[in-house]
Amino acid sequence: MNSLKDKSLQFSVEDPDNPQNFPRNLFIWRNNLIGSSAKGHEYFLKYLLGTKNGLFAEEDCPNRPEEIKWREAAELDKPDGAASGKLDLLIDLDFRMASSALYADVVLPTATWYEKDDLSSTDMHPFVHPFQAAVDPLWEARTDWEIFKTLAKKVSEVAKEANLKPYHDVVAMPVQHDSEGEVAQPEGKVRDWSKGECEPVPGKTMPGLIPTELDFTKIYEKWIALGPGVSQKMGSLSMTWDSQEEYQEIAQRNGTIQNKDYISYGMPSIFDAKQAADAVMGLSTTTNGKVAVKAWQSLEKETGVGNLTRLAKDRENERFTFEQVAVQPQATITSPTFTGSNQNRRYTPFTTNIEELVPFRTITGRQSFFLDHEMIREAGETMATYKPILDYLPIKNKIGGTKEITLKYLTPHNKWSTHSMYFDSQQLLTLFRGGQTVWFNEKDAAEIGVKDNDWVELYNHNGVVASRAVVSPRLPRGVVYMHHAQDNHINVPGSKISGTRAGTHNTPTRIHMKPTHMIGGYGQLSYGFNYYGPTGNQRDMYVVARKMQEVDWLED
Amino acid sequence: MKIKAQISMVMNLDKCIGCHTCSITCKNVWTNRQGAEYMYFNNVETKPGIGYPKHWEDQAKWKGGWELKDGQLQLRSGSKPERLLKLFYHPDQPELDDYYEPWTYDYETLISSKRKNHQPIARPRSLITQKRMDIKWGPNWEDDLADGESARQDYNLKQMASDITLEFHDLFMKYLPRVCNHCLNPACVAACPSGAIYKRDEDGVVLVSQDGCRGWRHCVPACPYKKVYFNWKTNKAEKCIFCFPRLENGLPTVCADTCVGRLRYMGVLLYDMDQVKDAASTPDKGQIYGSVLDILQDPNDPAVIRAARKAGIPENWIKAAQDSPVYRMVKEWKVALPLHAEYRTLPMVWYVPPLSPITRRVEADVFLPEVEDMRIPLAYLAELFSAGNVPVITKTLQRLLDMRLVMRAQETGDPLPRRLEYDVDTYKAMYRLMGIAKYKDRFNIPAGTQEKSREKLNQLQGSCGYTCPGGC
Ligand code: SF4
Ligand code: SF4
């Protein structure tokens, strides 16, 4: 604590351009980062991968940050500097040769949806669906479960050979929603321990500090078993319940690890994917009625609201299994982990808050329309507020030489792919324009002399897109649509402007951090994974659009 | 009276989301092979638009379908001798550019590319010439009004002679999924010089015999819907087969089965074959629809049942006709219409026309639009579905609106604003079938008349299963 206070010890986030703090290895799994989700595509190419890119933005910042260490361009551009690729190793698990795979050092071919066993669910609907292998994975492909298991095994072997000792570390964790930490900032006032405004207290005035131990020699032994972490007690949000019975049941159902030398000896096996699915459904409040009842009991105790258990009591005897959902997807059991009720009705959020008076998980316990945290006040967003698009120049110097028009750049979801999934399918590409498209209003297009199916370029300081134009009366004037996650490995030429392959829908974008998303320790404004925290907001973008002067495929 | 049975389909366009799942599943099953790449037995068009193939509705260009010459029904492509003259050179053939040039990509470069200066790329390559190509048109080029200029060339828009500009303020669109209509009076069958196209006796499915086809291609322009295609590899015509191997086993077509909007219905219709020609010859094109309804027979009428039995229609087919979702929508409730009845082929795929949102002119607190206030102009829908007869389309849409009025009143308890055409129970039944029907309600297909093939199958018993009796 003292070293943190006197700054002899710092968080790595305070010096992101220090080679010591670079992320070095990255797995891409069930995702297409490069070419699809990487908001600020060209920044990823440059800073993360250190490869050819079309970025125009310079290392320049009129308002330099006070708390983040600023390193000058010359230093970043050095061979081991931040600007020439932070990553050492990119590993991609995919069954498509999409952009991520193109840029990866190692591609692990994985099974498709119809070649593996898995579960699918979401809190948007009340069903648990199975994936089932209709055929075995083709060629060298393996299921994700097998790939990670194989990796775990190999890493453990190598670690043993190298005689690696357990590795101890401390991980900083943001103050979490649904933890005691969420009341860490009374009255929504931020006090900064680093400026001496208060004492640093982990999990209260600063992130939680969690010691971890990583024993690389035992990764595999742990990987194949359901560990002791859930053998006694389990919980969700702020509820906890006894899980011994379920743990035993899973051991019975799946069998246990038999190797006496393994640290996981005697623990329930999750060696194969179906066993893992059965373990998940044995422990979840939504798929095991007994667990649901226990969770409701815990919520009753926690909130003082009575008679909640009945919401799951009628299904207490149910325990989903993989075989069962394989016969038919099952409607989940009403669970306090969510706020809907599935009792003979369709799931909608907040049902139990309204009907059963379970307090909302907010600072007031009610629906909050007014937010009084000081950062929200500063942003002028105490009530829902309209904020116009930021008004700025998309690039310092336009290229000119031909007719150009500046338009708002929008990236709605695509009709012909699910994110980038199946974008490169010949059949789906045949059903529209055969590659990337950008939609223009007819009059905007006419202004720059662009007709339907002409090649166009869109550029701003973040990079250049080359695409076919769709000229339609359906768009209002002043905007272009470039549908989300059109990967640029299909039918995309080079750009004379950038001198290399033109980019993806995320090329003209980059992330704007929104300060109010970084509030912590204040009820619902505390961090929750995938619920609240800094988002990759890449909106409010302008591009300059022009007809492409010359189409060069840059196949060298 | 000569009763025939027809397997027929209804598509409820109110529910089509234009997802093209039907096109993909159909392609995967039937036309995913060389020579057939460009064919979509099932395609989905955005209307307004010129469609696939381009301008298929323009019969001045293609001479498709039938016309009345001195009150006599005649193929638009001419009388028999006229057509004979065209045997070796047929000027009205659509060309590849009217469909599109099918392509694939050099996917291999993505895997095998050597170290390069720039990110490798998969470029398009023609599936016909195997050469590099520029993509200029496709089977669904106009998706969601993608190309305003071509949308404005829509044939029906021109017929309407209205002031629709298809600008942002007066835009409208809808999807139109299309398969072969397995017409009662098929122009393709009539046009074939070899007699290779035939309408199956037992279920009315229209098929091209691949043995009989001599590649004259007269069927291609003759079909006014452009639903016969020419396979450039086998030099034979091919068309939608209504997935007859599935029908024979009591299953709906692949497009209907996989439809995401669950908007397709299939079932049996009984019709009087003796009246087909007269119906197709109805002088006023706006009345053809009415004439077709007249020749569809009531499957519960004892006289019809007797005649059906006499015609050799099996009991399970008569039963299916009595419980046919298609009969209900087409004849009982009159909510499904034929596409371009003026082509006089008497199509057996029917469309429930789509309702659409209110126009901006109308007050925002209107909960249900009036028929006239809907975004898609009535005259436009009339061009498509009632041969320009606006009162027919108006009435049809009114029935759909009334169903909503009734169902809304069930919820709110509000009194019904006016006297409605049908009684409340009918609207409820309509709602059940069109709103929430399950698979079994949407499809009622009797397993095929398999007496003949059964015999053959019996001969196969005990064999290894790799050969067919009589050799194949
Ligand atoms: S729609 Fe089908 S049955 Fe009708 S004319 Fe065309 S190909 Fe023949
Ligand atoms: S699958 Fe159904 S909803 Fe989708 S385009 Fe085809 S007809 Fe329309």
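Predicted model: local features only at pLDDT ≥ 70, side-chain atom pairs only at ≥ 80, totals over all residues.
Figure 1. E187(A) lies in the loop that runs between strand 6 and strand 7 (208–214) of chain A. Its phi is positive, about 60°, although E187(A) is not a glycine. Most residues other than glycine have a negative phi.

**Figure 2. L145(B), a buried residue with a positive phi.** L145(B) is not a glycine, yet has a phi of about 60°. The residue belongs to the loop between strand 6 (124–126) and helix 6 (148–152) of chain B. L145(B) counts as buried because its relative accessibility is 1%, and buried means under 20%.

**Figure 3. A nonpolar surface patch on chain A.** V171(A), M173(A) and I210(A) make up this patch of about 210 Å². V171(A) sits in strand 6 (residues 167–173) of chain A. With a relative accessible area of 40%, V171(A) is partly exposed.

**Figure 4. An open sheet of three strands in chain A.** The strand order is 4-5-10, and the pairing is antiparallel. Strand 4 (118–120) and strand 10 (330–331) of chain A are the edge strands, each pairing on one side only. Strand 5 (residues 127–131) and strand 10 of chain A are joined by two bridges. V128(A) has Q330(A), in strand 10 of chain A, as its bridge partner.

**Figure 5. Strands 2 and 7 of chain B, an antiparallel pair.** Five bridges link strand 2 (residues 43–47) to strand 7 of chain B. Opposite N43(B) stands R178(B) of strand 7. In strand 7 (residues 174–178), five of five residues are buried. K174(B), L176(B) and R178(B) point one way from this strand, whereas Y175(B) and P177(B) point the other way.

**Figure 6. Two cis peptide bonds in chain B.** The bond from K47(B) to P48(B) has omega near 0°, and the bond from Y52(B) to P53(B) has omega near -10°. P48(B) is in the loop between strand 2 and helix 2 (59–62) of chain B; P53(B) is likewise in the loop between strand 2 and helix 2. Most peptide bonds are trans.

**Figure 7. The surroundings of ligand 1.** Among the residues around ligand 1 are C180(B), H182(B), C183(B), C188(B), C223(B) and K239(B). The shell has nine nonpolar, two polar and one charged residues.

Technical notes:
Residues numbered from 1 in each chain as written. Chains lettered and ligands numbered in written order. Heavy atoms only, no water. Patch = residues over 30% accessible without salt bridge, like charges linked within 9 Å, V, L, I, M, F, W, Y side chains within 5 Å. Areas by Shrake-Rupley, 256 points an atom, 1.4 Å probe, with all protein chains shown as cover. Salt bridge = Lys/Arg side-chain N within 4 Å of Asp/Glu carboxyl O. Helix = DSSP H or I, 4+ residues; strand = E, 2+ residues; numbered from the N terminus. Buried < 20%, exposed > 50% of the residue type's maximum accessible area, 1.4 Å probe, protein only. Near = heavy atom within 4 Å. Nonpolar A, V, L, I, M, F, W, Y, C, P; charged D, E, K, R; others polar. Pairing = 2+ DSSP bridges.
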